[in-house]
Amino acid sequence: MSAQLAQTSWRAVFLALRCGQVAFVQFGAPVAMRLLSGVLASSSALLSGAVGSASAAFDRLGFSRVSFGRANPSSMTASACEASASSSAAADANGGAGAQKPWLFVGLGNPGRMYKGTRHNVGFDIIDAIAEAEGISVSSKQFKAIVGKGLIGDVPVMLAKPQTYMNASGESVGQLVSYFKIPLNQLVVIYDDLDLPFAKLRQLPKGGHGGHNGMRSIIDHLKQSRKFPRLRIGIGRPPEEMGAINFVLQSFSKKEKEELEATFQRSLEAVRIMVREGFNKSATFVNTPLPLEMLNR
């Protein structure tokens, strides 16, 4: 390869990397990966000598799923990269051709340090457990929620923790569902349930609010639709001398936290099964009593 051709090739690689960086910062990894796949798939022999180095560079940036082909040199500026990334992001939001809709997992709770670790915030805790296990950063603020986007296996997912306070959760969930055009059968709400024994899970494809104000708000903001899955975590009933409000805002004891570890792990496995093998198989996994539970009946 001549010096001039090599210089042109590396310029094209640099510009492709720049596009990826702009898209990643502004719109997240899924948009960046799709944009880069399109840029690098319009290949010619020009970059044949530089593809290996480009691939290594992208690996360091974390775009491990991008398939690298050969690309023509481009005079694409940063602003042009931003425009392309914007178009790609719009395709995400508007359901671009062939785009796979993400699953949206919403954990319910109250924002703020004073509510951290309380029974009413167990939905937040499950989202945090999923995020940690799957390497998804839940840190961006969108539609009155803290949101994270990533993949479980090769399936796109969104994790959300509404910041509206529990009783207004629907304000956030309704906007997320509408903007990202999430099918209701791929909206999964995770929340605490007084009517389930402590640490027990129950997964259903639809249903009412059951007196839970967060769920009531969500149903109201989904035009009274109840046809969306939910994963409920039992927090038990309050003692006779304690009211329900004080009970749900109470922190878990050390022993209870230890018991919940197995519940969190089971919830994580349920989510993985759901996105990979479907809701029904996940529900069977969750709702089938464990051997110890069967013995205690």
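Student: What share of the contacts with a separation of 6 or more in the chain comes from residues 24 or more positions apart?
Tutor: Such residues account for 71% of those contacts, a contact being heavy atoms within 4.5 Å. This is a predicted model, in which local features need pLDDT of at least 70 and side-chain atom pairs pLDDT 80 or more, while totals for chains, interfaces and linings use all residues. Residues are numbered from 1 along each chain as its sequence is written, and side-chain values use heavy atoms, without hydrogens and water.

Student: How many helices and strands are there in the chain?
Tutor: The chain has eleven helices and seven strands, taken as DSSP runs (H or I, at least four residues; E, at least two) numbered from the N terminus.

Student: And how much of the chain is buried?
Tutor: Of its 297 residues, 45% count as buried (under 20% relative accessible area, 1.4 Å probe, protein chains only).

Student: Which residues of helix 7 are buried?
Tutor: G214, M215, S217, I218 and I219 are. The buried residues of helix 7 pack against helix 6 (169-180), strand 5 and strand 7 (230-234).

Student: What follows helix 7?
Tutor: K223 does, with a positive phi near 55°.

Student: Changing topic, what is the volume of the second largest pocket?
Tutor: About 460 Å³, the space filled by probe spheres on the grid points. A pocket is an open set of points on a 1 Å grid where a 1.4 Å probe fits, with protein on both sides within 12 Å along at least five of seven lines; lining residues have an atom within 4 Å of a point.

Student: Which residues lie nearest its centre?
Tutor: Of the 23 lining residues, H120, L194, G211, H212 and N213 do. Strand 5 (187-193), helix 7 (213-221) and helix 8 (244-248) each supply at least two residues of that lining.

Definitions and conventions: Buried means under 20% relative accessible area, exposed over 50%, partly exposed in between (1.4 Å probe, protein chains only).
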